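Please read these points with the structure open beside you, and locate each named element as you come to it.

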Amino acid sequence: MASNTSAIRNLPTVHEIAALVREGKLSPVDSVQRSLDAIARLDGGIHAFREVWVDRALQAARELEHSENLSELPLAGVPFALKENTALENPFVQQLTSAGAIAVGTTVNPQFCTWGTTTLPGLAVDNPILPGHTPGGSSGGSAAAVAAGMVPFAQGNDGMGSLRIPAACCGLSTLKATPGTMPGRVGGNDWYGMSVQGVLTVNNEDLRLITKILTNGMVDAEDPAKTLPENFAVSVDTTAPVFGLKGAPEYVDAAQQAARVFADKGFAVTEKNMPYPLNPLPMLARWTAGVADQLRDEPRPDHLEWRNRVHAGIGRLLRFTINGRQVARDGARIERELPGDTILITPALAKNPPRIRAWHRMPWIVNLLSNLRFTPYVSTWNYLGFPAGIVVEPTSGLPVQLIARPTQERILLTAMETIASGGRVG
């Protein structure tokens with residue numbers, strides 16, 4: 001997997017495209033047309049897109065060309081993909097288009113966005129950097145579209161790792177922010193506060209820019225010269241929160257290599273076993289009840305997958321157990337282990353993404369165990385509400401996960417950039 005991530009570094013970036021459009025060296029129409037051409041050329045073998053909006057996207061580009069403030073838009077003429085569970089009217093999407101970005105279509109997600117693989121009846125999204133393997137899920141179509149170079153960034157959402165799993169599988173950067181930081185809801189109840197909107201990008205520089213735009217400057221880590229605070233520190237935990245699972249040696253080594261970047265800069269780095277929640281039921285209740293509520297409140301799909309029928313049934317049984325005291329108690333224990341400006345580094349994955357199979361036809365427990373085996377590090381942070389990001393560690397070419405205390409996205413993004421640059425930032 002590591003050897004294939006290097007090609008992503010050569011893909012067109014948000015910064016590059018927007019600069020060319022603002023300077024008049026590339027028209028919005030040509031920018032969008034390049035993306036549409038790439039989709040037509042590549043998506044037949046990847047299946048990332050559900051719909052491609054050729055006429056709509058080109059019309060939006062033509063209108064943007066006549067905008068009086070085109071030269072001031074931070075995302076001028078940048079094409080992007082929209083996860084199919086998110087409407088154009090969502091405030092998150094509106095914020096992107098107001099900044100000059102142009103949606104070119106919707107990407108595939110598994111039914112109800114429930115699982116870490118992206119398959120549907122008659123359709124499986126392939127991984128551009130590891131063909132024959134899943135690009136992750138549930139924002140797997142969005143990640144595949146970016147990793148293949150069809151769009152420079154894509155919108156997604158993260159309820160149990162649905163941004164971070166695909167980013168890790170496809171060698172991309174992403175951020176699951178603290179709930180309430182990003183605009184826009186995810187469905188009717190955000191999976192009881194676990195799910196947030198976000199983006200998948202080619203590199204960390206683009207992620208910082210888009211995060212600044214989406215938060216109206218509240219999270220401003222765009223300037224690479226910003227330094228980490230003097231009391232910054234790093235904890236490393238390579239044991240997963242789930243049943244004591246541990247990542248494969250190469251993923252563990254990548255996390256430790258990421259930590260060494262900070263040790264070399266003089267910051268304190270310690271190995272630590274975090275006091276993860278021992279009771280999985282509060283997180284399971286929110287995950288399954290979120291789907292049960294979708295079935296109750298939204299039109300029933302023509303074909304309800306058996307794994308999701310079981311999932312929703314569990315949610316109906318557990319919904320009554322959900323209360324905020326659980327999160328507050330479990331989160332407080334973690335916060336005590338991350339004082340001040342301390343971040344936590346973990347592996348992003350425990351093993352390589354599984355091969356493409358008809359996961360949608362397999363039993364609920366088979367899907368659950370598969371997800372746990374390769375992505376045991378991510379879901380706890382949705383339950384607790386801590387911000388978490390994925391960045392590729394350049395020495396190994398493998399993804400690592402960084403976690404910070406709630407609302408500390410700026411420090412988190414700066415730390416991610418420090419890793420991405422091999423320690424040269426700050």
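1. I begin with contacts, meaning heavy atoms within 4.5 Å. Of the contacts in the protein with a separation of 6 or more, 77% are made by residues 24 or more positions apart.

2. Some ground rules belong here. This is a predicted model, in which local features need pLDDT of at least 70 and side-chain atom pairs count only at pLDDT 80 or more, while totals for chains, interfaces and linings use all residues. Residues are numbered from 1 along each chain as its sequence is written, and side-chain values use heavy atoms, with hydrogens and water left out.

3. On the overall build, the protein has 16 helices and 13 strands, where helices (H or I, at least four residues) and strands (E, at least two) are DSSP runs numbered from the N terminus. The radius of gyration is 20 Å, close to the 22 Å of the globule rule for 426 residues, so the protein is as compact as a globular protein of that length; the radius is taken over C-alpha atoms, and the rule is 2.2 Å times the number of residues to the power 0.38. Along the principal axes, the C-alpha atoms fill a box of roughly 55 × 55 × 35 Å.

4. How many of the 426 residues count as buried? The share is 61%, with buried meaning under 20% relative accessible area, exposed over 50%, and partly exposed in between (1.4 Å probe, protein chains only).

5. Strand β11 (residues 342-347) deserves a careful look, since 6 of its 6 residues are buried. Two strands pair if DSSP finds at least two bridges between them, and β11 has parallel pairing with strand β9 (residues 233-236) through 4 bridges, with V234 having I343 of β11 as its bridge partner. With strand β13 (residues 398-403), β11 runs antiparallel, again joined by 4 bridges, and here L344 stands opposite I403 of β13.

6. Helix α6 (residues 140-147) is also mostly covered, as 8 of its 8 residues are buried; among them are G140, G141, S142 and V146. Just after α6, G149 takes a positive phi of about 85°.

7. Apart from neighbours within four places in sequence, S35 is in contact with P79, V104, M150 and V151.
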